[in-house]
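Take a look at the model below. Then follow this short report on its strands, its salt bridges and a patch on its surface.

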Amino acid sequence: MASLKEARYELVEIPERFGPVTLDIDEQKVLGYAYAQNDFGDWYFRTSPFGGPVGHPLVLANDLLFLFYEGYDGNTAQGLHTHETLRFRSPARVGETVTVDGGYTEKYESRGQGYVTLEATARGADGRVLVEHVGKEIMRTVAGDIVGKGRSEESSRKRSVRGVVDESVPALTVAVHDAPVRAAIPSRTTSFSQDQMSVFSWAGKGYANVHTSRAKAARTGLDRTIVQAQQQTGHIVANLVDLFGAAWFTSGDLDLRFVSPAYVGDVLTTTGAVLGESDGRLELEVWVENGQGVRTAVGWASAEISDAPERPTPLI
């Protein structure tokens, strides 16, 4: 087997394929994700509208994001995740063996930083698409020099998140047709401990980075470890499952930008606002903010509106 490359922008080839990688959606994987995300819904451990327990929609979060570790030494990575796009099309059943493959499709420089785009797809044992991921990150940088200083590579965006709700209209509890524009969606609040961040960011697999290691964070100019962007994404996704129910697993789309750091122990609240309805899909703005009211992630989400009333019930 060829030796792993150092995770450096100049070594990235376009295109560069990784995988396929096979892995099991077993109880241990589901429990680890549930612990890391504070998300112990009964659908993941008992039964669900899909006929048995399923993995969380983003249980494959880092199997998709870290797919490049198949070709690069993950302990040399110093990237910062700036943009995440996800399409959810089918749940992974607990006990199922899934396959993840993909690769680097783009590299470019902007504002003195080298960006890469990784596209990856997870498929079930029968070949059905589970999740499609497109992630952009700064391949190699000093985290303390850039976090919280406007990480998007785009100087002018085609659209922006207003991040306001209309308090004069009823807030939603579940997705419905004809929801008022700017109606608030439910909120969800959590705080990630270092143990949870270490589980999420694969410290147990031997990876040390600004999410798992205070020493590594300090060497990049940070006084604390930072919550992985994909862990914030999982926080948003859990809230969208509460809103859309089973429809999120089969029709959910999410497009996020990570705009400010979230640190270990920060109180993080995710919510959003209705933008409208299109072809039976409810379209939203979504965001995460910390206890000081600073937005750490912003973006857009949509999924089909379903009349099915079931939602996961927390077991803890």
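How many bridges join strand β2 to β7? Five bridges join them, and the two strands run antiparallel. Keep in mind that this is a predicted model.

**Strand β7**

Strand β2 spans residues 80-88. One of its residues, E84, has L256 of β7 as its bridge partner. Strand β7 also pairs with β10 (residues 295-304). Six bridges join these two strands, again antiparallel. Here L256 stands opposite G299. Strand β7 covers residues 253-258, and five of its six residues are buried, so the rest of the structure largely encloses this strand.

**Salt bridges**

The count comes to 21 salt bridges.

| Pair | N to O distance |
|---|---|
| E6 and R8 | 3.6 Å |
| R159 and D255 | 3.3 Å |
| E289 and R295 | 3.1 Å |

Take R159 and D255, which meet in a salt bridge. This pair links distant parts of the chain, 96 residues apart. R159 lies in the loop between β5 and β6, while D255 belongs to strand β7. Is D255 buried or exposed? D255 counts as buried, because its relative accessibility is 16% and the cut-off is under 20%. R159 is partly exposed, at 43%.

Next, E289 and R295 form a salt bridge. Both E289 and R295 are partly exposed, with a relative accessible area of 26%. Elsewhere, salt bridges with shared partners join R93, E96, D126 and R128 into one network.

**A nonpolar patch**

L31, F45, L315 and I316 make a nonpolar surface patch of about 390 Å². L31 sits in helix α1, residues 27-37. L31 is partly exposed, with a relative accessible area of 45%.

Conventions. Residues are numbered from 1 along each chain as its sequence is written. This is a predicted model: local features need pLDDT of at least 70, side-chain atom pairs count only at pLDDT 80 or more; totals for chains, interfaces and linings use all residues. Side-chain values use heavy atoms; hydrogens and water are left out. Patches are made of residues with over 30% relative accessible area and no salt bridge: like charges are joined within 9 Å, nonpolar side chains (Val, Leu, Ile, Met, Phe, Trp, Tyr) within 5 Å. Accessible areas come from the Shrake-Rupley method with a 1.4 Å probe; for residues, only the protein chains shown count as cover. A salt bridge is a side-chain nitrogen of Lys or Arg within 4 Å of a carboxyl oxygen of Asp or Glu. Helices (H or I, at least four residues) and strands (E, at least two) are DSSP runs, numbered from the N terminus. Buried means under 20% relative accessible area, exposed over 50%, partly exposed in between (1.4 Å probe, protein chains only). Two strands pair if DSSP finds at least two bridges between them.
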